[in-house]
Each structure stands twice: as C-alpha cells, then as structure tokens.
Amino acid sequence: MKYRSILLFGAPGAGKGTQGKILGVIPHFFHCACGDVFRSLRTDTPLGKVFVEYSSRGELVPDGPTIELWSQFIKTSIQIGKYNPELDTLVLDGIPRNVAQAEILRDVLDVVGVYYLHCNNFENLVKRIQRRALKENRLDDANLEVIRHRIKTYESETAPLLKHYGLKLVHDIEADQTPAKVLGDILRTAATR
Ligand code: ADP
C-alpha cells in the first residue's frame with residue numbers, strides 16, 4: 001500500500017515548516033519534516049555526525065541514509081499509533097528533496113498534490129531564516145554564506161522536482177502572504193478527501 005501524501009515545496013525560509021506544523025494538527029493529516037527528523041538525532045551518533053557535517057555546509061545529506069532514516073521514522077510512527085496510513089494523509093516537508101529521492105520513493109508514496117510555496121523575494125527568505133536562527137538553535141541558519149548555499153542547493157537539486165511531478169500535481173502558492181492566507185490557499189485543494 002502506498003502512503004497518500006502531499007508535498008510541501010519551496011526554498012528554505014518559504015514557510016514549509018510553519019504550514020506543515022499547522023496542517024499536522026488537523027485530524028487525518030500527519031506532518032513529517034525531514035529536517036526535524038535529522039535534528040532529533042544525537043550528534044554523537046554516526047548519522048548525527050554525517051548530518052552536522054552536511055547541513056552545516058548547507059548541503060543535502062546523501063540519499064541512502066536519508067531515505068533509511070525517514071523510512072524508519074515512518075515505520076515507528078505507524079507502530080506507536082501516531083500515523084495511520086489507511087486514514088491519514090502524509091504532509092511531507094523536505095523529502096523528497098531531489099529527483100533521485102523521488103525515484104526511490106515512487107513505489108512508496110501516492111503523491112496527490114505538491115504545494116509550491118513560491119517566494120520571489122530573495123531578501124525575504126534570508127530575513128525569515130535569520131529570524132528563525134535566533135529562535136531555534138540551527139547551525140545551518142548561522143551565517144549568510146551557508147544560507148545562500150542552501151538556497152542555491154534548493155535551486156539546483158530540489159526545484160527540478162517541480163517538473164518531475166508536473167503541472168497536474170503542482171499548486172503554485174504565493175508565499176509572501178500571511179501564514180493564514182497561505183494556509184487557506186493550501187487547504188482549498190488539500191482538504192478534498
Ligand atoms: P531548510 O528547508 O530550511 O533548508 P530543513 O530543516 O528542511 O531546512 O533541512 C535542514 C538540513 O537537513 C538540510 O540543509 C539538509 O542538510 C538536511 N536534510 C533535510 N532533509 C533532507 C533530505 N530529504 N535529503 C537530504 N538532506 C536533507
């Protein structure tokens with residue numbers, strides 16, 4: 001059985017995490033942010049070390065360990081009764097993050113919608129990320145060079161996924177609106193089940 005999923009897409013700072021958290025408290029949506037799963041690892045474990053090494057440079061963790069960790073997280077969430085694949089829609093934030101990951105997950109995910117939080121204003125993204133850095137202890141939010149590199153990584157590795165999923169699935173959402181308006185735009189089509 002494939003997991004019914006919607007994907008939140010957009011550059012770092014576009015608001016995927018904010019929207020994912022809100023959607024995740026609505027009954028029958030289960031939010032999974034891949035970055036949060038990585039951040040929950042102890043940094044003295046082998047994978048925790050790999051995560052710190054890549055994320056502090058603003059780069060993606062290699063696909064193999066990423067998919068492995070994510071699959072384990074989903075299995076555990078099912079086992080402990082947090083996620084019921086028969087009833088719930090997965091809200092994925094940060095995975096798949098490149099075409100190779102999408103291919104690996106092709107037989108696992110039933111992608112019913114891709115919500116592309118579109119932010120044209122580069123400076124807005126940087127401001128949002130820097131504001132977040134003050135609230136959360138994130139190594140990859142720490143300096144401007146790493147932030148710029150993450151945005152570039154997004155453009156070169158993640159943005160091509162929009163083409164991969166195609167026009168039928170992708171919803172273009174204006175990310176420079178208030179969070180409530182962005183949520184409204186997502187729910188207009190995501191709440192159809
Ligand atoms: P952001 O969207 O702000 O860049 P995330 O919290 O989604 O932040 O991710 C933080 C870091 O975690 C990424 O820069 C990357 O190093 C790693 N990461 C998260 N998800 C993935 C993924 N699917 N594949 C590879 N690396 C990932």
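## The pocket and its ligand

At least two residues of the lining of the largest pocket come from each of β1 (3-9), α1 (16-24), β2 (29-33), α2, α3, α6 (122-135), α7 (144-158) and α9 (179-190). This is a predicted model, where local features need pLDDT of at least 70, side-chain atom pairs count only at pLDDT 80 or more, and totals for chains, interfaces and linings use all residues. Residues are numbered from 1 along each chain as its sequence is written, and side-chain values use heavy atoms, without hydrogens and water.

The largest pocket has a volume of about 1200 Å³. Of its 50 lining residues, Gly13, Lys16, Gly17, Arg132 and Arg138 are the closest to its centre. The lining divides into 18 nonpolar, 17 polar and 15 charged residues.

Where does the ligand sit? The ligand sits in this largest pocket. Around the ligand are 20 residues, with Arg39, Glu59, Gly94, Gln101 and Arg150 the closest; a residue counts if one of its heavy atoms lies within 4 Å. By class, this shell has seven nonpolar, five polar and eight charged residues. Helices α2 (34-39) and α3 (46-55) each supply at least two shell residues, and α2 gives the most, with four.

| Residue | Distance to a ligand oxygen atom |
|---|---|
| Arginine 39 | 2.8 Å |
| Arginine 97 | 2.9 Å |
| Arginine 132 | 2.9 Å |

The protein covers 96% of the 550 Å² of accessible area that the ligand has on its own (Shrake-Rupley method, 1.4 Å probe).

Definitions and conventions. Polar contact = N/O pair within 3.5 Å; in protein donor to acceptor, adjacent residues only side chain to side chain. 1 Å grid on protein atoms, 1.4 Å probe; cavity = no way out; pocket = protein on both sides within 12 Å on 5 of 7 lines; lining within 4 Å. Sits in = over half its atoms within 2 Å of the grid points. Nonpolar A, V, L, I, M, F, W, Y, C, P; charged D, E, K, R; others polar. Points joined across faces, edges and corners; volume = space filled by probe spheres on them.
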